[in-house]
Every structure is written in C-alpha cells, then in structure tokens.
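Here is my note on the model you asked me to look over. Please read it with the coordinates open.

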Amino acid sequence: MGRKLQDGLAYPPRAMRADQAAAYLSISTSKFYEMVQDEKMPPPVKVGNASLWDRLELDAAFDNLKDEPGSESSLLRRLRELEDEANAKGRNKKD
C-alpha cells in the first residue's frame, strides 16, 4: 500500500493522498476509492495536479458512517434509545 502514516509524523497531516487517507481510516486504497465514489467519503481537494483529502472532512465522513443503516453503532444506539423509552414508560406508570 505504499507509505503509511507511521512515517515519523507525530500527528496526522491535514491533507493526505489517497493511500495516506486509506491508511488513516485503516482500509485499503481500493476500498477508500470505492467509498469516495459512493459519496461515503469526501471528494479530493485539487492542488495543482495533486488530489488531497482533508483530514477533518475524513473524520466527519467517518462519524457519519456510524449513522448508516446496518451500522453496529447505529443499531446499538437504537437499542439504547428503545431501552430508555421502555424505562421511561415504566417510571411514568409508577408515578
């Protein structure tokens, strides 16, 4: 996959090439391009001939994946919501 973020940087760069962005997200470069095509990841910022991805936009896009239908995070969140609703109904009956 080429160079990874562990190239000696103490922090991730603000702008990343596709292989760096994929490594940042712990996915393959081909999966990253697929997610860009599916608009699950942001498009690149063009700087001359270079295509760069903004780390903050990658973070936001990754956060949005948590709300995707079928995401374990969204399922767990929904289960907690249902449990909270059931507990609230139980408290209301006792009042």
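This is a predicted model: local features need pLDDT of at least 70, side-chain atom pairs count only at pLDDT 80 or more; totals for chains, interfaces and linings use all residues.

The points below go from the overall fold to single residues.

1. The protein has four helices and three strands. Starting at the N terminus, the order of elements is β-α-α-β-β-α-α. Of its 95 residues, 24% are buried. Take the contacts between residues at least 6 apart in sequence: 36% of them join residues at least 24 apart.

2. **The nonpolar core.** The largest nonpolar core has 13 residues. Ala21, Leu25, Phe32, Val36, Met41, Trp53 and Leu58 touch the most other members. Three helices each supply at least two residues of this core: H1 (18-24), H2 (29-37) and H3 (55-65). In soluble globular proteins, nonpolar side chains tend to be buried together.

3. **Leu25 within that core.** Which residues does Leu25 contact, once neighbours within four places in sequence are set aside? They are Phe32, Met41, Leu58 and Phe62. Leu25, Phe32, Met41 and Leu58 are all among the core residues that touch the most other members.

4. **A nonpolar patch on the surface.** Leu76, Leu79 and Leu82 form a nonpolar surface patch. Together they have about 260 Å² of accessible area. Leu76 belongs to helix H4, which covers residues 72-94. Its relative accessible area is 39%, so Leu76 counts as partly exposed.

5. **Salt bridge Asp54 to Arg14.** The structure holds four salt bridges. One of them pairs Asp54 with Arg14, with the closest N and O atoms 3.0 Å apart. This pair links distant parts of the chain, 40 residues apart. Asp54 is in strand E3 (residues 50-54), and Arg14 is in the segment before strand E1 (15-16). Arg14 is at 46%, so it is partly exposed.

6. The side chains of Asp19 and Arg17 form a salt bridge at 3.5 Å, N to O. Asp19 is buried, with 16% relative accessibility. Arg17 is partly exposed, at 34%. Gln20 sits in helix H1. At 10% relative accessibility, Gln20 is buried.

7. **Salt bridge Asp63 to Lys66.** Here the closest N and O atoms are 3.5 Å apart. Asp63 is partly exposed, at 41% relative accessibility. Lys66 is partly exposed too, at 32%.

8. **Ser28 in the loop between H1 and H2.** Ser28 lies in this loop. With a relative accessible area of 34%, Ser28 is partly exposed. What does its side chain meet? A polar contact of 3.2 Å joins it to the side chain of Ser30. A polar atom of the Ser28 side chain also lies 3.0 Å from the backbone nitrogen of Lys31. As a distance check, the C-alpha atoms of Ser28 and Ala18 are 9.7 Å apart, with the two residues 10 apart along the chain.

9. Most residues other than glycine have a negative phi, and most peptide bonds are trans. Ser26 is not a glycine, yet its phi is positive, about 60°. Ser26 is in the loop between H1 and H2. Its relative accessible area is 66%, so Ser26 is exposed. Glu39 also has a positive phi, near 60°. Glu39 is in the loop between H2 and strand E2 (45-47). Glu39 is exposed, with 72% relative accessibility.

Terms used. Residues are numbered from 1 along each chain as its sequence is written. Side-chain values use heavy atoms; hydrogens and water are left out. A nonpolar core is a set of buried Ala, Val, Leu, Ile, Met, Phe, Trp, Tyr and Cys residues joined through side-chain atoms within 4.5 Å. Buried means under 20% relative accessible area, exposed over 50%, partly exposed in between (1.4 Å probe, protein chains only). Contact means heavy atoms within 4.5 Å. Patches are made of residues with over 30% relative accessible area and no salt bridge: like charges are joined within 9 Å, nonpolar side chains (Val, Leu, Ile, Met, Phe, Trp, Tyr) within 5 Å. Accessible areas come from the Shrake-Rupley method with a 1.4 Å probe; for residues, only the protein chains shown count as cover. A polar contact is a pair of N or O atoms within 3.5 Å; within protein, one must be able to donate a hydrogen and the other to accept it, and residues adjacent in sequence count only if both atoms are side-chain atoms.
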